[in-house]
Amino acid sequence: MRYSDYDESSVRVRPNKKGTRPRTKDRPAYDKAVIGRIITVDRGRYTAILDEDTAQERIVIAARARELRRQAIVPGDLVALVGDTSGKPDTLARLVRIQERSTLLRRSADDTDATERVVVANVDKLVIVVAAANPEPRTGFVDRALVAAYDAGISPVLCVTKADVKDPAEFLKHYEGLPLEVVISRTTDSEATGVDARGADGSSARLAVGALDELEELLAGGVSVVIGHSGVGKSTLVNALTGSTRATGQVNSVTGRGRHTSSSALALRLGEAPGGWLIDTPGIRSFGLGLVDPDNILGAFGELAQIATGCPRGCNHQANAAGCALEAWVQDPDTPPAAASRLASYRRLITTEDLSHEKELGAL
């Protein structure tokens with residue numbers, strides 16, 4: 001056989017052991033990709049909703065493109081999809097791009113861990129659910145959730161359930177002066193004043209109409225996420241707000257711990273207002289703050305942030321900080337009395353990472 005009979009296609013090339021390296025760094029632009037919202041993630045499959053609030057609205061199942069394998073994709077993400085996006089049974093689209101996120105709620109395993117654990121993306125409000133009793137509310141978890149919300153630029157809402165079991169007034173004193181909406185819910189047996197919320201396991205509870213109306217008004221038309229320890233009534237609250245039937249559980253009478261009933265984060269449509277979504281998350285037992293920027297927390301306190309521009313560089317804004325403009329401001333007789341409460345609340349939050357929370361979380 002002559003040498004001229006050979007060309008480059010005749011050369012045998014050993015396969016790459018890695019086998020996943022792209023042939024070129026120039027990736028496709030995917031100009032014709034359609035944008036959808038991720039509503040849940042389950043074992044490598046991503047459920048997205050396309051063409052929201054239109055006649056063409058549909059649910060699509062997708063697998064991520066290889067180049068996205070190291071990026072976290074979470075409920076709330078807006079993503080670009082290609083391939084079969086018809087939503088027909090047994091079809092699979094390909095998720096090729098994550099759109100720019102407006103907000104990102106994240107946490108770390110503990111305060112020394114620098115590994116980012118993304119909870120949800122593109123949410124407007126964080127609803128922190130605690131029970132007034134059974135199980136007892138713990139300020140450590142709420143403080144950490146507030147810090148994470150302020151750091152992400154998300155507006156927090158504190159929802160206290162089971163207020164008929166115990167008056168939450170003493171607990172709520174911890175949060176006076178904070179930029180924080182508070183909603184109090186009471187379980188009731190009254191047919192005239194309650195709304196039934198039945199779980200998939202057949203359990204049910206009745207929630208005060210006033211609290212539900214207040215929450216619906218606060219969350220309408222936006223994307224919100226609900227977090228809370230197991231047993232505080234989070235799933236029951238989500239069921240009442242969305243009409244879903246996620247399982248609800250009971251609190252162990254011996255340990256005081258709740259049972260995890262939500263196994264994965266899921267976005268549910270909220271009411272009839274276009275664009276309204278509520279993301280339910282599994283019970284979270286820890287909220288590490290290893291990734292938090294203290295300056296972002298100060299930014300949530302508009303008045304304090306403005307005064308703090310007069311502080312020396314590197315000021316930690318504590319009472320003993322030399323030249324702290326906030327301390328001078330709060331000591332001024334002309335400063336409103338409520339200012340001291342706001343500053344005290346801010347200082348407590350920025351020292352949250354020093355709280356001994358491991359024992360508290362271990363008791364849940």
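Analyst: The discussion below takes up strands, a helix, salt bridges and surface patches in turn. Please keep in mind that this is a predicted model.

User: Which strands pair with β13, and in what sense, parallel or antiparallel?

Analyst: Pairing is read from the bridges between two strands, of which at least two are needed. Strand β8 (residues 125-131) runs parallel to β13, and 4 bridges join them. Strand β15 (residues 277-280) also pairs with β13 in the parallel sense, over 4 bridges.

User: I turn now to charged pairs. How many salt bridges are there?

Analyst: The criterion is a side-chain nitrogen of Lys or Arg within 4 Å of a carboxyl oxygen of Asp or Glu. By this rule the count is 14 salt bridges. One of them joins Asp53 and Arg269, whose closest N and O atoms are 3.1 Å apart. This pair links distant parts of the chain, with Asp53 in the loop between β2 (45-50) and β3 (58-64) and Arg269 in strand β14 (residues 266-269), 216 residues apart. Asp53 is partly exposed at a relative accessible area of 41%, and Arg269 is partly exposed at 26%.

User: Which residue forms a salt bridge with Asp77, and is Asp77 buried or exposed?

Analyst: For a charged pair, one reads the distance, then the place of each partner, then the accessibility of each. Arg101 forms the salt bridge with Asp77, the closest N and O atoms being 2.7 Å apart. Arg101 lies in the loop between β5 (93-98) and β6 (104-107), and Asp77 in the loop between β3 and β4 (78-83), 24 residues apart. Asp77 has a relative accessible area of 0% and is therefore buried, whereas Arg101 is partly exposed at 25%. Asp77 also has a spatial neighbour to note: Asn122 is 45 residues from Asp77 in sequence and 6.4 Å from it in space, C-alpha to C-alpha. Asn122 lies in the loop between β7 (117-121) and β8 and counts as buried at 8% relative accessibility.

User: Where do the partners Asp143 and Arg348 lie?

Analyst: The side chains of Asp143 and Arg348 meet in a salt bridge of 2.7 Å, N to O. Asp143 is in helix α1 (residues 139-152) and Arg348 in helix α8 (residues 338-350), 205 residues apart. Asp143 counts as buried at 2% relative accessibility, and Arg348 as partly exposed at 24%. Salt bridges can also share partners: Asp53, Glu57 and Arg269 are joined in this way into one network.

User: Lastly, which residues form the negative surface patch, and which form the nonpolar one?

Analyst: A patch is built from residues with over 30% relative accessible area and no salt bridge. Glu181, Asp213, Glu214, Glu216 and Glu217 form the negative surface patch. Helix α3 (residues 209-219) gives the most to this patch, with 4 residues. Asp213 lies in α3 and is partly exposed, with a relative accessible area of 43%. The nonpolar patch consists of Ile59, Ile61 and Leu92, which together have about 230 Å² of accessible area. Ile59 is placed in strand β3 and counts as partly exposed at 40% relative accessibility.

Conventions
Residues numbered from 1 in each chain as written. Predicted model: local features only at pLDDT ≥ 70, side-chain atom pairs only at ≥ 80, totals over all residues. Heavy atoms only, no water. Helix = DSSP H or I, 4+ residues; strand = E, 2+ residues; numbered from the N terminus. Patch = residues over 30% accessible without salt bridge, like charges linked within 9 Å, V, L, I, M, F, W, Y side chains within 5 Å. Areas by Shrake-Rupley, 256 points an atom, 1.4 Å probe, with all protein chains shown as cover. Lys, Arg positive; Asp, Glu negative; His and termini not counted. Charge placed at Lys NZ, Arg CZ, Asp CG, Glu CD. Buried < 20%, exposed > 50% of the residue type's maximum accessible area, 1.4 Å probe, protein only.
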